[in-house]
Amino acid sequence: MRKVKTVCVIDDDEIYTFVLNKLLKNSCLCEQILTFQNGEKAIKALKGWEDTQESFPEVVLLDINMPIMDGWEFLEQFKNLSEEKRILTQVYIVSSSISKHDVEKAKSFPEVSDFLTKPLTNETLIKVLSIPEN
Amino acid sequence: MRNDKWSNLVFDNTNDLIFLIEIEPNEVFRCISVNPAYLRQTNLTEEQVVGKTPQEVLPKEAAEYVLGKYKQALVLKEKIMYEEHVQLPTGLIIVETTLTPVMDKNGKPTHLFGILRDVTERRTQEKALVESEQLLKDIFNLSPIPMLISTVKNGVIVMVNESFANAMGYSVSDLVGKTTGEMYHDPEFRKTIKEKILDNGRVKNFEISLKKTDNETAHFLFSSEIISMQGQEMFLSCFLDITERRHIQDALIKSESNLQTVFENTEIGYILLDSNLRILSYNQHASEFSYAEHGKFLTIGDYFYAFFPVERHEALKVVMEKVFKGTTVSHERSTSRNDGEYNWYNVKYSPVFVKDGTVAGVLLSLENITERKKNEIERNKSFELVSQQNKRLLDFSYIVSHNLRSHTSNIKAILDLLSMSESEAEQLELIDKLKVVSISLEDTLINLNDIVSIHSDVNITTESLDLSSYIDHASNILSDLISKKESTIFNKVEKGQKVMYNPAYLESILLNLISNAVRYSHPDRPSQVHIDYRMDGKIGILTIKDNGIGIDLARYGQKLFGMYKTFHGNKDAKGVGLFITKNQIETMGGKIEVESTPEIGTSFIVYIPQNL
């Protein structure tokens with residue numbers, strides 16, 4: 001097992017992002033955490049890296065309900081990014097929604113690895129952030 | 001001998017053939033004299049006849065026949081008459097021969113006096129007469145037309161044919177000798193008819209009813225004429241049996257009148273069209289419908305298409321083609337009424353088949369289904385309302401669970417961190433965060449409570465409210481925000497304009513929409529908010545229009561009125577306002593629409609039903 005280099009958190013809930021940052025730092029499961037308040041800010045950052053040597057975050061924890069650009073819209077835009085770059089990125093939907101509709105919709109995106117329900121526990125984070133050494 | 005002279009005159013000038021024969025011994029009959037007519041007609045000379053015997057003049061067979069007759073006269077010693085056929089040069093004739101023996105004093109026949117009278121014509125006429133009488137009798141007896149001959153005087157039946165007897169249920173022999181008066185239901189009726197015939201010499205096709213053996217009534221068309229027969233005046237009467245026809249007619253009249261009763265008393269309008277689409281029949285309802293829709297009452301013979309504007313003919317033709325192929329076509333039609341409401345009709349075109357299965361016409365039925373339709377529309381409306389309500393409640397339950405969960409999960413996460421934390425500074429920081437969560441949770445609960453109260457208010461009171469002053473009041477409350485944004489509110493609603501609404505909702509809706517309009521003003525120009533109100537039928541339409549930054553409706557349109565949706569990244573936005581506004585408007589039976597162009601501005605349009 002090796003440490004994940006970068007985790008990207010996209011969520012407008014300040015408390016959640018604060019707590020998640022704490023958890024990730026405490027667990028030492030990743031080297032770097034990038035936090036965006038909505039999908040638009042995140043997609044802008046990713047687009048900025050498309051033509052650079054910088055690789056995409058290995059894990060994205062994506063909220064659904066956000067202002068300006070929500071999780072779904074982010075996914076629509078993310079699909080259009082360079083496949084070479086995004087293929088190494090695992091996207092997880094993280095929501096307090098338990099609506100079946102949202103779960104089904106998440107499954108319809110092949111880019112989405114799983115649907116996680118808030119709050120995220122240490123165990124879940126370990127599972128999500130454990131990447132086997134190749 | 002004046003007598004002799006007279007005899008000679010006759011002898012010489014008659015057309016009858018006269019001859020005198022002297023009877024010689026041994027029954028030799030020698031002709032001693034013939035008259036000029038004899039010679040003329042037989043084309044013989046006196047020498048060829050006078051002084052000769054029949055054997056010398058006639059062929060053997062004829063001679064023997066004649067001699068037989070001569071001998072008969074001699075034996076009988078009196079005049080005999082017989083008919084014979086005689087071949088003359090002019091042709092075969094029938095003669096009536098009279099042979100008279102002439103006696104001497106002793107009573108011994110000495111001469112035979114013979115007269116041949118040509119009766120050919122008379123016999124031919126007599127034969128023809130007999131034949132024609134028989135023919136007439138046969139015609140009378142065999143005729144399929146019932147016939148009867150009765151005396152004028154008292155109506156005794158002299159002759160009657162088989163057809164008449166059958167029609168009346170009698171036999172011919174039963175009827176002969178009866179009087180015609182017996183066959184009328186009212187015997188006095190015969191007098192009326194008798195007078196009628198005597199007045200004109202005849203009657204033709206006069207409708208009468210006669211009593212049959214079984215007391216049933218037979219109906220006839222009766223024609224009669226006076227003839228002379230056996231020296232008496234008789235009525236020759238012919239009858240046309242119309243009993244069957246009358247029965248059918250009676251049944252038809254009865255069924256037609258029944259049908260007409262149904263036709264007129266039904267709630268459905270009917271129009272019967274013939275194959276040329278001309279009106280054959282219709283009822284009152286149909287005519288009234290036509291007047292209501294086309295401004296024209298129906299008339300028999302009218303062309304169906306003439307009731308419609310030309311642009312509808314094509315569609316009607318398509319319908320008629322289907323009907324004439326045997327299909328029934330029906331559809332619903334609405335016609336506007338004077339009071340602004342609609343009448344709904346179910347219009348049905350049915351083919352009218354004749355026996356061989358061809359379509360002979362079209363039956364149009366017009367059923368007023370306004371009530372049914374109203375109920376249907378009402379039902380659909382309430383179904384839609386219930387569906388919407390259900391969807392809102394479901395959405396709401398997700399919202400509640402989502403919003404409460406996001407807070408509880410935060411609390412749980414913070415508490416987990418707290419339990420693991422060893423640094424006091426970190427613990428204090430976490431407790432601060434807990435306070436923030438607690439405030440958010442309270443806000444959420446208040447918002448949810450507001451929404452629940454909208455949903456749970458089943459009967460919200462409405463009052464007549466002065467819209468213009470409510471707008472002014474909302475502007476006053478928002479005056480801080482308005483002056484901060486340097487915004488101008490144009491209240492274009494007429495002073496005194498009343499709306500029936502719930503006061504708290506009206507205030508809340510106006511506050512929300514006006515504050516939105518001001519809050520999202522464009523940084524490059526002074527903010528202007530225009531508010532006006534107009535009526536469309538029974539619906540009041542309130543428009544709040546701004547010249548702000550606008551919303552990309554293609555992107556956010558669907559979510560605009562959702563809960564906790566914010567679009568502009570504005571820090572004040574809580575994503576509750578429009579959700580509540582929409583709920584309040586819908587609870588009042590109206591709806592809210594939005595029109596917007598990014599960078600140009602936004603209009604919110606609120607529909608306020610005023611028939612509450």
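1. In this predicted model, B:Pro523 is found in the loop that joins α17 and β19 of chain B. The relative accessibility of B:Pro523 is 72%, so this proline counts as exposed, the cut-off being over 50%. Its C-alpha atom lies 9.1 Å from that of B:Lys485, although B:Pro523 and B:Lys485 are 38 residues apart in sequence.

2. A further proline, B:Pro526, has its place in the loop between α17 (503-519) and β19 (528-536) of chain B. B:Pro526 has a relative accessible area of 61% and is therefore exposed, again by the cut-off of over 50%. Along the chain, B:Pro526 and B:Glu486 are 40 residues apart, while their C-alpha atoms are separated by 6.6 Å.

3. Turning to chain A, the secondary structure consists of six helices and five strands. Their order along the sequence of chain A is β-α-β-α-β-α-α-β-α-β-α.

4. Chain A has 134 residues, and 55% of them are buried. Of the contacts in chain A with a separation of 6 or more, 72% are accounted for by residues 24 or more positions apart.

5. Two packed helices are described by the angle between their axes and the distance between the axes. For helix α1 (residues 14-27) and helix α6 (residues 122-129) of chain A, the axes come within 11 Å and cross at roughly 65°. Because angles of 65 to 115 degrees count as roughly perpendicular, α1(A) is described as roughly perpendicular to α6(A). The crossing of α1(A) and α6(A) is right-handed.

6. Which residues of α1(A) and α6(A) meet? On the α1(A) side they are A:Leu20, A:Leu23, A:Leu24 and A:Ser27, and on the α6(A) side they are A:Asn122, A:Leu125 and A:Leu129. Sorted by class, the contact of α1(A) with α6(A) comprises five nonpolar and two polar residues, and no charged residues.

7. In summary, two points may be checked against the structure. In chain B, the loop between α17 and β19 holds B:Pro523 and also B:Pro526. In chain A, α1(A) and α6(A) cross at roughly 65°, and leucines take part in their contact from both helices, including A:Leu20 in α1(A) and A:Leu125 in α6(A).

Key
Residues numbered from 1 in each chain as written. Chains lettered and ligands numbered in written order. Predicted model: local features only at pLDDT ≥ 70, side-chain atom pairs only at ≥ 80, totals over all residues. Heavy atoms only, no water. Axes fitted to C-alpha atoms, helices over the stretch in contact; angles between N-to-C directions. Helix = DSSP H or I, 4+ residues; strand = E, 2+ residues; numbered from the N terminus. Parallel < 35°, antiparallel > 145°, perpendicular 65-115°, else oblique. Left-handed = near helix turned anticlockwise from the far one by under 90°. Contact = heavy atoms within 4.5 Å. Nonpolar A, V, L, I, M, F, W, Y, C, P; charged D, E, K, R; others polar. Buried < 20%, exposed > 50% of the residue type's maximum accessible area, 1.4 Å probe, protein only.
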